[in-house]
Amino acid sequence: MKLPAIPITDDHIHIDPANGRGVEAAKDFRRSGGTHIFLVAKPSWSLGVEPSSGEDYREVFDRTLHVAEMVRETGLIVYPVLGVHPAEMNRLTERMSLEAAAGVMTAGLDLAARYVGEGRAVALKSGRPHYEVAPEVLAASNAVLFHALELGADCGCAVQLHAESGPCTDVVDMARRAGIPVERVVKHFATPDTPLMPSFIARHEDIPALARSGRRFTMESDYMDENSRPGAVIGPKSVPRFTRRYLEEGLIAEEDAWRIHAETPSRTYGVDIALP
C-alpha cells in the first residue's frame with residue numbers, strides 16, 4: 001500500500017555525518033515516505049565538544065544547522081531543535097562543581113534560545129537524567145529544566161523534554177510557573193500516562209488506540225545515527241513504515257495520520273506542516 005498524500009513527520013531524529021550514515025539515513029526516511037523531520041542536536045560529547053561555557057555550545061548548534069542544510073538538499077523539510085542534553089550534568093561535574101555545571105548548561109540554553117529568536121531553530125531541548133542520580137544532582141537538573149521552560153515561554157517555542165520514563169507529572173506545575181503552555185512541553189520517548197505532549201516511539205503498541213481516541217501526539221524514531229549502534233533506537237525508515245502499517249491494517253484512519261503528522265506538530269511547534 002502506498003501512503004496517502006499526507007505529510008509524515010519524525011518528531012525526534014538525529015543525523016550525524018561524522019559518526020553515522022548522515023544524509024544517506026535522511027534519504028532512507030524520504031524514500032520510505034517521510035517528508036518532515038525535527039532534527040535534534042546531539043549531546044556535545046558525541047561531537048567531540050567538551051564545553052566549559054555556554055558559548056562552547058555554539059559549535060554543536062552550528063554543526064546541527066549545517067546538517068539541517070545538507071538534509072534539506074534531499075527535499076526534506078527540516079526543523080532544528082537545539083539545547084543541552086540533561087546527561088551533560090554528569091560529564092560536566094567530572095570537571096567542575098555542580099553549581100558551575102548548572103551554570104554552563106543554562107548558559108548553553110540561553111544561546112539556543114537566541115538561535116530560536118533568530119529563526120534558525122524552532123524549539124529547545126532540555127530535561128533531567130533518566131537514570132538515578134543523587135538528590136542534589138536531580139535538584140540542579142530540575143533547575144536547568146525550569147530555566148529551559150522559562151526560555152520557551154519567552155521565545156514562544158516548544159521544549160522537548162528528555163527525562164525518565166513515566167508521566168513526569170510534576171513538570172505540569174513547572175510549566176505553569178514558567179508560563180509555557182503544557183501542550184508545548186513535548187515528552188520525548190513518551191508513555192501514554194503523561195499529561196505533557198507525548199512523542200511516541202513509532203513502534204509503541206498503544207499508538208493505534210490512542211489515535212482512534214483522538215489523543216494528540218506525535219511520532220518519532222529517536223534514530224541516533226551512530227555507526228557503533230546501527231539502527232538505534234529504531235531506524236530512520238521507522239516512522240513512515242509504521243504509519244503505513246497502521247493504515248494498511250486499518251488500525252488508524254487517514255484523518256488520524258493527518259492529526260499525528262501535520263496538525264499536532266504544527267500546533268505544538270508553531271510551524272506549518274503541509275505537503276512539500
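Between which two strands does the loop that holds Phe 189 lie? The loop runs between strand S6 (185-188) and strand S7 (197-201). This is a predicted model.

**Two backbone features**

Most residues other than glycine have a negative phi, and most peptide bonds are trans. Phe 189 has a positive phi, near 55°, and is not a glycine. A cis peptide bond links Ala 232 to Val 233. Val 233 also sits in a loop, here between strand S8 (218-220) and helix H8 (238-248).

| Site | Angle |
|---|---|
| Phe 189 | phi near 55° |
| Ala 232 and Val 233 | omega about -5° |

**A pair of helices**

Two packed helices are described by the angle between their axes and the distance between the axes. Take helix H4 (residues 98-117) and helix H5 (residues 135-155): their axes come within 10 Å and cross at roughly 20°. Angles under 35 degrees count as roughly parallel, so H4 is roughly parallel to H5. The crossing is right-handed.

Which residues meet? From H4 they include Leu 98, Ala 102, Met 105 and Leu 109. From H5 they include Val 137, Ala 140, Val 144 and Leu 151. By class, this contact has 12 nonpolar, two polar and two charged residues.

**The largest pocket**

Rolling a probe the size of a water molecule over the atoms shows where empty space is left. The largest pocket has a volume of about 330 Å³. It is lined by 17 residues. Closest to its centre are Pro 43, His 85, His 162, Met 224 and Arg 229. The lining divides into five nonpolar, seven polar and five charged residues.

Definitions and conventions:
Residues numbered from 1 in each chain as written. Predicted model: local features only at pLDDT ≥ 70, side-chain atom pairs only at ≥ 80, totals over all residues. Heavy atoms only, no water. Axes fitted to C-alpha atoms, helices over the stretch in contact; angles between N-to-C directions. Helix = DSSP H or I, 4+ residues; strand = E, 2+ residues; numbered from the N terminus. Parallel < 35°, antiparallel > 145°, perpendicular 65-115°, else oblique. Left-handed = near helix turned anticlockwise from the far one by under 90°. Contact = heavy atoms within 4.5 Å. Nonpolar A, V, L, I, M, F, W, Y, C, P; charged D, E, K, R; others polar. 1 Å grid on protein atoms, 1.4 Å probe; cavity = no way out; pocket = protein on both sides within 12 Å on 5 of 7 lines; lining within 4 Å. Points joined across faces, edges and corners; volume = space filled by probe spheres on them.
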